[in-house]
Amino acid sequence: MAAEIHSRPQNSRPVLLNKIEGHSDGLNAAVLIPKEDGVITVSEDRTIRVWLKRDSGQYWPSIYHTVSSPCSCVSYHHDSRRIFIGQDNGAVVEFLISEDFNKMNHVKTYPAHQNRVSDLIFSLESQWVISTGHDKSISWMSTHSGSMLGRHSFGSWASCLQYDKDTQHAFVGDCSGQITLLKLDEQTCSVITTLKGHEGSVGALYWDPVQKWLFSGASDHSVIMWDVGGRQGRTLLLQGHQFIKKQKLKYHMVLRIQTLYVRYLSLCNSFFQAPQWLDSDSCQKCGQPFFWNIKQMWDTKTLGLRQHHCRKCGKAICGKCSSKRSTYPIMGFEFQVRMCDDCYDTIKEEDRTPLATFHEGKHNVAHMDMDPSRGLMVTCGSDRVVKIWDMTQVVGSSVAAGFSPR
């Protein structure tokens, strides 16, 4: 079922501590149990499993529970030992885990959605279960009565969710690339704003309630930090991820654990905000018309050119004036991106020094969870394998600061 890899050597890269195998289908989520050597997993094979580390150093399932439909997501509240499972049939199931983690009792089933549940969160303060689904909606339900309190629909599949318990605001990412900020009330909700910046499906959100920062990751290979609390509209674009499309809205990171996010707290103040892309009917460097500028093409008797944008200055330029490519980590570009020739000449070699670290994960990562107090991270994926990592040397000060990427 599981194997202990080795003890923790002190170096600056993730250390694989344990590997758990035994599922018969892809894993959709794995979460670490706080203050315990344990992991909770949910899978397409319809099982909920609680794995505990034995004296031998191996992880074995202390709970093996099968439900009626594939499990798509999980929310676990450790203090109350309540676990909520989203399912492919649209239902959310609540269980209560015993103190010794050897038994799990069914509490309620919530009719949350008409289609697969994509994400969910349990709020102890409001006693709500909040969930998003492929039926293009967010719903919130009372854990006291088990009834539906409210529902809001979107134009696209709702793929991920974050919630601020103090203000009762929910962030919902969808497959169109938008993030909707909602204020939830007992039976109604109001749309506060819509964040637009991604060009692909939003696959993951993380809300930092202390800094009031929202992080979003999407299939356009980018992570955006939204400064929600600053109210200045500041955003930071960070590109250092590679994805492949896998079954509808699910995107897996390819072959490596990318720890770009664990350095945000120490680096955000030194990042430059990427410029807004400018609009123009002709190249802002050489003046040649773009292909939709019929009048200038007719007047100059020239063919129109395709429009591009410099990632450093944001100007609208043609391909001839942007023949160079460069990394520019201070703006979040860890991979080479298009630069106009003038901006390329201003970039020094030290400006290309990477600010992100990349490490081999050796499996497709569909979900990860982190315990910052212990410096542990768990990853799982479609290869049916769970891996537990020591991240203390990689995360460094971010762990000490209490940063916990979801």
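Trainee: Over residues 20-51, how much of the chain is helix and how much is strand, and how far apart are the end C-alpha atoms?

Mentor: Bear in mind that this is a predicted model. Over residues 20-51 the chain is 0% helix and 56% strand, with the end C-alpha atoms 9 Å apart. UniProt, in an unreviewed entry, places the feature "repeat: WD" at residues 20-51, 195-228 and 358-391. For residues 195-228 the computed values are 0% helix and 62% strand, and the end C-alpha atoms of that span lie 10 Å apart.

Trainee: If I pick out Thr-41, in which strand does it lie, and is it buried or exposed?

Mentor: Thr-41 lies in strand S4, which covers residues 38-43. A residue is called buried when its relative accessible area is under 20%, and Thr-41 counts as buried because its relative accessibility is 0%.

Trainee: Which residues is Thr-41 in contact with, once its neighbours within four places in sequence are left aside?

Mentor: The contacts of Thr-41 include His-23, Leu-27, Ala-29 and Ala-30, and also Thr-47, Ile-48, Arg-49, Trp-51 and Val-386. With one of these, His-23, the side chain of Thr-41 is joined by a polar contact of 3.1 Å. As a separate reading along the chain, Pro-61 is 20 residues apart from Thr-41, and the C-alpha atoms of the two are separated by 10.0 Å.

Trainee: How many aromatic pairs does the structure hold, and how should I read the geometry of one?

Mentor: The structure holds 7 aromatic pairs. Among them is the pair of Trp-213 and Phe-215, whose centres are 6.4 Å apart and whose planes stand at 85 degrees. Planes over 60 degrees apart count as edge-to-face, so the pair of Trp-213 and Phe-215 is given that name. Trp-213 is buried, with a relative accessible area of 7%, and Phe-215 also counts as buried, at 6% relative accessibility. Another edge-to-face pair is formed by Phe-291 and Trp-292, at 5.2 Å centre to centre and 80 degrees between the planes; here Trp-292 counts as partly exposed, at 37% relative accessibility.

Trainee: Which residues do ring pairs link into a cluster?

Mentor: Phe-84, Tyr-110 and Phe-122 are linked into a cluster by ring pairs.

Trainee: Where does the charged end of Arg-352 sit, and over the face of which residue does Lys-301 lie?

Mentor: The charged end of Arg-352 sits over the ring of Tyr-344, at 5.3 Å from its centre. Lys-301, for its part, lies over the face of Trp-298, 5.0 Å from the ring centre.

Terms used. Residues are numbered from 1 along each chain as its sequence is written. This is a predicted model: local features need pLDDT of at least 70, side-chain atom pairs count only at pLDDT 80 or more; totals for chains, interfaces and linings use all residues. Side-chain values use heavy atoms; hydrogens and water are left out. Helices (H or I, at least four residues) and strands (E, at least two) are DSSP runs, numbered from the N terminus. Buried means under 20% relative accessible area, exposed over 50%, partly exposed in between (1.4 Å probe, protein chains only). Contact means heavy atoms within 4.5 Å. A polar contact is a pair of N or O atoms within 3.5 Å; within protein, one must be able to donate a hydrogen and the other to accept it, and residues adjacent in sequence count only if both atoms are side-chain atoms. UniProt positions are given in the numbering used here, feature names are shortened, and annotations may be inferred rather than shown by experiment. Rings of Phe, Tyr and Trp (its six-membered ring) pair if their centres lie within 6.5 Å; planes under 30 degrees apart count as stacked, over 60 as edge-to-face and the rest as tilted. A charge sits over a ring if NZ of Lys or CZ of Arg is within 6 Å of the ring centre and within 35 degrees of the ring normal.
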